[in-house]
Structures are given as structure tokens and as C-alpha cells.
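Hi,

Here is the structure I promised to pass on. Have a look at it first, then read my notes below.

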Amino acid sequence: MLYWALIFFVVALVAGVLGFGGISSASAGIAQILFFIFLVIFVVSLIMGLVRRR
């Protein structure tokens with residue numbers, strides 16, 4: 001999921017440089033949502049791994 005967030009971030013950067021504002025903002029929004037989902041899943045799996053060890 002982090003891979004897809006980085007892909008959308010790169011698309012947003014390229015679109016921003018080329019002047020496509022709408023595509024850039026949409027890609028940046030998607031990248032931000034995917035990144036936060038990745039963080040939530042990562043923290044949950046980290047906590048579950050720590051709880052399971054005990």
C-alpha cells in the first residue's frame with residue numbers, strides 16, 4: 001500500500017510540474033489517504049505483534 005501511495009505522490013508531482021492542477025490535487029489526495037491507511041494498518045499490526053508475544 002505504501003508503494004501505491006508513493007506512485008500517486010510521484011504522479012502528483014509530475015502533474016504539478018506540467019501544470020495540471022486538478023490531476024495533481026486529486027493524486028495528492030489519493031496518496032495522502034493511502035499513506036494514512038498504511039500507517040493505521042502498520043500500527044495495528046505492530047501492536048498485535050507485541051500483544052501476541054506476551
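To get you started: in which helix is I41 found? The answer is helix α2, which covers residues 21–53. Keep in mind that this is a predicted model.

I41 has a relative accessible area of 47%, so it counts as partly exposed, a class that runs between 20% and 50%.

Next, the aromatic rings. A search of the whole structure turns up 4 aromatic pairs. One of them is F38 with F42: the ring centres are 6.2 Å apart and the planes sit at 20 degrees, under the 30 degrees cut-off, so this pair is stacked. Both residues lie in helix α2, 4 residues apart, which is about one turn of the helix. F38 is partly exposed, because its relative accessibility is 26%. F42 is partly exposed too, at 44%. Together with F35 and F36, F38 and F42 form one aromatic cluster.

Now for the surface. There is a nonpolar patch with about 1200 Å² of accessible area in total, and its members include Y3, W4, F9, V11, F20 and I23. Which helix gives the largest share of the patch? That would be helix α1 (residues 2–18), with 10 residues.

Technical notes. Residues numbered from 1 in each chain as written. Predicted model: local features only at pLDDT ≥ 70, side-chain atom pairs only at ≥ 80, totals over all residues. Heavy atoms only, no water. Patch = residues over 30% accessible without salt bridge, like charges linked within 9 Å, V, L, I, M, F, W, Y side chains within 5 Å. Areas by Shrake-Rupley, 256 points an atom, 1.4 Å probe, with all protein chains shown as cover. Salt bridge = Lys/Arg side-chain N within 4 Å of Asp/Glu carboxyl O. Helix = DSSP H or I, 4+ residues; strand = E, 2+ residues; numbered from the N terminus. Buried < 20%, exposed > 50% of the residue type's maximum accessible area, 1.4 Å probe, protein only. Phe/Tyr/Trp six-rings, centres within 6.5 Å; stacked < 30°, edge-to-face > 60°.
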